[in-house]
Amino acid sequence: IKVFSKWLKNGLHRRDVDPSLKPFFISLSITLLRILLVFIVMQIAGVQMTMFAALIGAVGVAAGLALSGTLQNFASGVLILMLKPFRVGDNIIAQGQEGTVTSIQIFYTLVTTYDNRTVVIPNSKLSNEVIINITKIGSRRLDAELKFNYGVDFDKVKETILATISESSDALKDPESRIGISTLEEGGYKVLISVWLGSHGYNDAKLKFQEKLMINLKNSGIKLPGMVVEP
C-alpha cells in the first residue's frame, strides 16, 4: 500500500492533476486498499464473510440514498476540476449571479460578486446548467448605440468617436472597433459603436469610455437628444 501510494502520488504529479484533487484521490485509494486488506486477512483466517457482505451492502444502499445530492455535487466537483470550464480568478455568470471565482472545492464553488457578496454554489448546479465564462477569452465587446437627428453630420460624429477610441488606453486595437449607422428612423438615425475592451476591469473601462465619449461629443458641438450644447 505504501509503494502504491508513492507511485500514485508521482503519477498525479506528472499528469498535472489539480491540487485540490490530489489529496482526495490518494487518501481514498489508501483507505480502500486498507479495507480490502482487512477483508483478505479475515478471509484467510476463515471468518465467514456472508454476513459482512450483506451488512455492507445494506449500509451502502442507505448511505447512497441519504447522500445522493452530496455525491452528485462531489462528482460534479471532480468534473469541474478536471475539465476546467472555469478557473479561480475567472469572472462567470451562473445561477443568476455574476462575480469572480475565488475557490473551487469538491462539493461547492465560491463566487464573490462585484458588490462583495460571497455566493456558495453547489457544483451540481454548475455542471448541469449554463455557465457564462466572461474572462476565458480575455476580451469583451462594448456595444453602445447613440441617436442623432438628420442635421448632425455623420462624418463628424464618426471622427469624434474614432478620436475617443484612439485616446482610450482601455480600448483594444485587435479586434478592430466598428462604427456604423444601425437604424434610420423618422426623427433621426442611430449610430452603433462596437469597441473591444479587456475582460478584467471591463465595467470600469466601460464607464470611463462612455463618459469620455459624451464629453468629446459635447466639445465637438455635436448635440445628442436632450443635450444643450453651449455656444
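This is a predicted model: local features need pLDDT of at least 70, side-chain atom pairs count only at pLDDT 80 or more; totals for chains, interfaces and linings use all residues.
Figure 1. Helix H7 comprises 18 residues. At 1.5 Å a residue, these should span 26 Å, and the end C-alpha atoms of H7 are 26 Å apart, which agrees. Just after the helix, Gly-221 adopts a positive phi of about 80 degrees.

**Figure 2. The buried and exposed faces of helix H7.** The buried residues of H7 are Tyr-202, Ala-205, Phe-209, Leu-213, Asn-216 and Leu-217. Viewed down the helix axis, these buried residues fall within an arc of 95 degrees, so they line one face of H7. An α-helix has 3.6 residues a turn, so residues three or four places apart point the same way. On the face turned away from the buried side, H7 carries the exposed residues Asp-204, Leu-207 and Asn-219. The cover over the buried residues of H7 includes strand S6 (139-148), helix H6 (154-167) and strand S8.

Figure 3. A polar atom of the Ser-199 side chain lies 2.9 Å from the backbone nitrogen of Ser-139. With neighbours within four places in sequence left aside, Ser-199 is in contact with Asn-91, Ile-134, Thr-135, Gly-138, Ser-139 and Arg-140.

**Figure 4. The hairpin of strands S7 and S8.** Strand S7 (residues 178-184) runs antiparallel to S8, and six bridges join the two strands. Within this pairing, Ile-181 has Val-191 of S8 as its bridge partner. Four residues lie between the strands of the hairpin, in which Gly-188 takes a positive phi near 160 degrees.

**Figure 5. The open sheet of five strands.** The strands follow the order S4-S3-S2-S1-S5, with antiparallel pairing. Strand S4 (118-122) and strand S5 (132-133) form the edges, each pairing on one side only. Elsewhere in the sheet, strand S1 (residues 91-94) and strand S2 (residues 97-104) pair in the antiparallel sense over four bridges. Among the paired residues, Ile-93 has Glu-98 in S2 as its bridge partner.

How values were computed
Residues are numbered from 1 along each chain as its sequence is written. Side-chain values use heavy atoms; hydrogens and water are left out. A polar contact is a pair of N or O atoms within 3.5 Å; within protein, one must be able to donate a hydrogen and the other to accept it, and residues adjacent in sequence count only if both atoms are side-chain atoms. Contact means heavy atoms within 4.5 Å. The expected span of a helix is 1.5 Å times one less than its number of residues. Buried means under 20% relative accessible area, exposed over 50%, partly exposed in between (1.4 Å probe, protein chains only). The arc is that of the directions from the helix axis to the C-beta atoms. Two strands pair if DSSP finds at least two bridges between them.
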